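This briefing sets out selected features of the structure shown below. The points are grouped by topic.

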Amino acid sequence: MKEFQLLRYLSKGKIFILIIALLGSSWVYFYANSQQVYTATTVIRYANSAIDEGLTPNGSKLDVTEIYSSTVIKGAIEDMGVNCTIDEVRSKVKVTPIIPEEEELKQETALTKGEEYSYFPTDYVITYEVGSERSANFAGNMLDAIVKNYYTFYSEKYVDQMILPNNASNIKANDYDYIESTEIIQQSLKDIDDYLQQKKTNYPDFRASATGYSFTDLEDIYNYIMNNKVPHLYASILQNKYTKDNDLLLKKQQSKIESIEIDIRNNKEQAKKLKSLIDNYSSKNISTQRTTDDGEEGEASVIMNVEGHDEVTDVTTTYDDLLQEYVKINQSVKNDEIDKDHAAYIKSVFEDNTRKTALNEDVEADIDELVDTLNSEYAIVQATAKELNEYLAASYLNMLNSVVTTQKVNINLYLALALVFFLFFGCAGAVIFGRLSDFIQYIMYTDKTTKLPNRQMCDVRINAYSEKDLPEQFTCLVVKLDSLVRINETLGHSAGDMLMKDFGEILKSVSRNYGFIGWNQGTFLGLFEQCSADKAELFLDMLNKRVDEYNDKQLELEIQFSVAYSNSSDEDIFDIRNLIRNTTDKLFKR
C-alpha cells in the first residue's frame with residue numbers, strides 16, 4: 001500500500017477542500033445573517049428649566065412615550081419612503097431613562113427609611129432594532145428620522161411661539177371699500193408690530209441665519225410702513241372721498257356704530273355691577289372679633305359674606321381680581337368709544353359725498369402695492385420666527401450623540417472562524433478519503449505479493465488507452481522473472497514470493513519517473529508515455545544495475561529476468577493491445 005503522504009492527499013483533494021470551505025462558510029454566513037439584529041442607538045437630553053420637575057417648556061407634564069407616538073412614527077416612515085406599518089416600527093423602539101448611580105443610591109436610602117423620593121431623568125437612550133430582513137443603514141436612518149420628527153413634534157407642541165396671522169393678505173380676496181382696506185392694513189400692522197416689539201425685547205441678540213434679520217430690524221420696517229405709508233394712503237382716501245360704493249359704506253359705518261354702542265352699554269352695566277360688588281366687599285371686609293374653638297379671642301376678615309360667593313365650588317373672589325376686572329372693562333369701554341367716534345367720523349366724511357362712487361386707480365394700486373409689501377415682509381417674519389422656534393427647541397432638547405448602529409452577530413468574525421474550521425475539516429476529509437482510496441486501491445488493485453498494481457489495474461489502464469490511438473513515442477515493456485520457477489522448486493513458494501516482492505520493489509523504484517508498471521498475471525507490464533527507444537534502453541540499464549546490486553547481496557535468492565519492449569513510433573503500432581501483443585511475442589520468441 002502507498003505510504004502516508006499528507007501533501008499528496010492535500011494536493012489531490014484541493015478541489016474538495018475548497019468546495020467544503022466555500023459551502024460551509026456560505027452556510028454559516030447565511031445562518032448568522034438570518035439571526036442578525038441591528039440596533040441603532042442615540043441619546044437625547046431635555047434641557048428646559050422645569051425638566052427636573054418632569055415638566056415641558058410650556059408647563060405640561062413630560063411624556064417620553066411621545067417619541068414613538070403614531071404622529072412621530074408616521075412622519076419618519078414618510079420621510080424614509082418605505083413600505084411598512086406604524087406598529088411595525090413603533091414596536092421596535094425603546095426609550096430608557098439614564099439614572100445616575102448617586103440618584104439610585106438616594107432612592108434606595110429613601111426607600112429604606114420609608115421616605116418619599118422623586119427624580120425625573122433628563123437623559124434618555126433611544127434604540128430601534130431591526131432583524132435580518134433590514135440592513136444596518138435602514139436601522140440608523142429610521143432612528144434618525146424618528147428623532148428628527150420628534151424634534152418637530154416637541155417643538156410644535158411645547159416650544160413654538162405662535163406667530164400672528166397676516167390679516168392684510170385677505171384684502172384682495174374680499175370686496176372691501178378703500179377706507180376699510182386701509183383700516184384692516186393698519187390694524188394688521190399694529191398687531192404684528194406689537195408682536196415684533198415683544199420678540200425684540202425678549203430676544204434682542206437673535207438674528208436668523210436664513211433671512212439675516214433680527215426682530216429689531218423687522219420692527220423698524222413695520223414701524224416705518226405704519227407711520228409713513230398708511231397715513232399717506234389714509235389721508236388721500238379721506239380728502240378725496242374715494243369709495244367703491246358710498247351708500248354701502250355709510251350703512252356699514254352705521255351698523256358698526258350701533259354694534260359698538262351695544263357693547264358699550266353691556267360693558268357699562270357689567271362695570272356697574274362690579275363697582276357695587278367692590279363697594280360691598282370693602283364695607284364688609286372689616287376686622288371682627290371671634291372666638292376660636294379653643295376659647296381664645298381672635299380677629300377675622302369677613303370675606304365670605306360677599307355677593308357672588310359660591311358655597312358649592314368654594315370660589316373666593318379677591319379684591320385685587322375685582323379691581324383688575326373693573327379696570328379692564330372700563331378700558332374696553334374707552335376703546336369702544338374711540339372706535340365709535342372713528343366710525344362716526346368716517347360716516348360724517350362720506351355723508352355729504354354727492355357721488356355714489358368715486359373709484360381711483362391710483363388708490364387701488366397703492367393698496368395692492370402695500371398688501372404685496374406686507375405679504376413679502378410677513379414671509380420674512382414667519383421664517384425668522386420659525387428659526388427662533390427651532391433655536392428654542394434645540395436649546396430645550398439636545399441630541400448628545402449621533403446615531404450609532406451595532407450588530408448582534410459579528411458576521412465577519414464568524415465567517416473567518418467558519419473558513420478556518422471548514423478548511424481544517426476539508427483537509428481532514430481529503431486525508432481520510434485519500435487514505436481510504438489508498439486502502440481500496442490496495443485491496444482491489446494491488447497484488448499482495450509484488451505490491452504492484454494487479455491484473456485488474458492493468459486491464460483498467462489498457463482499456464483506457466484502447467479508447468484512442470496511442471501517442472507518439474509510447475513504449476510498452478514486458479518483463480518475465482525467469483528465476484521464479486527454480487526458486488519455487490528449490491526453496492519453496494515463500495522464497496519465491498519474497499523474490500517477487502523484491503523484484504517488484506526494484507521495478508517500482510526504477511519506473512518512478514517513467515510511468516505505469518504492474519503485475520499482469522505471469523509477467524510485469526510497463527506502459528510508458530513519452531518514452532523513446534533510447535529512453536527505454538536507459539530504463540533497462542538502470543534495471544540491470546539495480547538487479548546486479550541486489551544479486552551481489554543475496555546468497556540464495558537471485559533475480560534472473562528477460563525483457564522486451566516496443567515503441568509505437570518505431571513499430572508503427574498505435575493500438576495498445578497490438579503493441580502489447582507485439583512486445584509479448586518479442587519476449588517469448590527469444
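**Helix 16 and its surroundings**

In helix 16, the buried residues are Ala533, Ala536, Phe539, Leu540, Leu543, Val547, Tyr550 and Asn551. Viewed down the helix axis, these buried residues of helix 16 fall within an arc of 105 degrees, so they line one face of the helix. The model is a predicted one, and the values below are computed from it.

- Helix 16 covers residues 533-553, which makes 21 residues. From its first C-alpha to its last, helix 16 reaches 31 Å, close to the 30 Å expected at 1.5 Å a residue.
- An α-helix has 3.6 residues a turn, so residues three or four places apart point the same way.
- Asp534, Lys545, Asp552 and Lys553 are exposed residues on the face of helix 16 turned away from its buried side.
- The partners against which the buried residues of helix 16 pack are strand 8 (475-481), helix 15 (493-510), strand 10 (524-528), strand 11 (561-567) and helix 17 (568-571).

**Aromatic pairs**

- The whole structure contains 16 aromatic pairs.
- In one of them, Tyr514 and Phe528 have ring centres 5.6 Å apart and planes at 50 degrees, so the pair is tilted.
- This pair links distant parts of the chain, with Tyr514 in the loop between helix 15 and strand 9 (516-519) and Phe528 in strand 10, 14 residues apart. Tyr514 and Phe528 are both buried.
- Phe528 also pairs with Phe539, here in an edge-to-face arrangement with 5.2 Å centre to centre and 65 degrees between the planes.
- Elsewhere, ring pairs join Tyr46, Tyr124, Tyr150, Tyr154 and Tyr158 into a cluster.

**Nonpolar cores**

- The largest nonpolar core has 73 residues, of which Tyr46, Ile67, Tyr128, Ile146, Tyr150 and Ile185 touch the most other members.
- Helix 6 (residues 136-159) gives the most to this core, contributing 13 residues.
- Apart from this core lies another, of 31 residues, among them Leu481, Ile487, Ile506 and Ala536. Ala536 is also one of the buried residues of helix 16.
- With neighbours within four places in sequence left aside, Tyr150 contacts Ile44, Tyr46, Leu62, Glu66, Ile67, Val72 and Leu397.

**Helix 10**

- Helix 10 (residues 319-351) has 33 residues and spans 47 Å from first C-alpha to last, close to the 48 Å expected at 1.5 Å a residue.
- Its buried residues are Leu322, Ile329, Val333, Asp336, Ala343, Ile346, Lys347, Val349 and Phe350.

**Cysteines**

- The search of the whole structure for disulfides finds zero.
- For Cys458, the closest cysteine sulfur is that of Cys476, at 10 Å, which is too far for a bond, as a disulfide requires sulfur atoms within 2.5 Å.
- Cys458 counts as buried because its relative accessibility is 0%, whereas Cys427 is partly exposed, with a relative accessible area of 26%.

**Gly522**

- Gly522 is placed in the loop between strand 9 and strand 10. With 40% relative accessibility, Gly522 counts as partly exposed.
- Gly522 and Gly496 are 26 residues apart along the chain, and their C-alpha atoms are separated by 13 Å.

How values were computed:
Residues are numbered from 1 along each chain as its sequence is written. This is a predicted model: local features need pLDDT of at least 70, side-chain atom pairs count only at pLDDT 80 or more; totals for chains, interfaces and linings use all residues. Side-chain values use heavy atoms; hydrogens and water are left out. Buried means under 20% relative accessible area, exposed over 50%, partly exposed in between (1.4 Å probe, protein chains only). Helices (H or I, at least four residues) and strands (E, at least two) are DSSP runs, numbered from the N terminus. The expected span of a helix is 1.5 Å times one less than its number of residues. The arc is that of the directions from the helix axis to the C-beta atoms. Contact means heavy atoms within 4.5 Å. A nonpolar core is a set of buried Ala, Val, Leu, Ile, Met, Phe, Trp, Tyr and Cys residues joined through side-chain atoms within 4.5 Å. Rings of Phe, Tyr and Trp (its six-membered ring) pair if their centres lie within 6.5 Å; planes under 30 degrees apart count as stacked, over 60 as edge-to-face and the rest as tilted.
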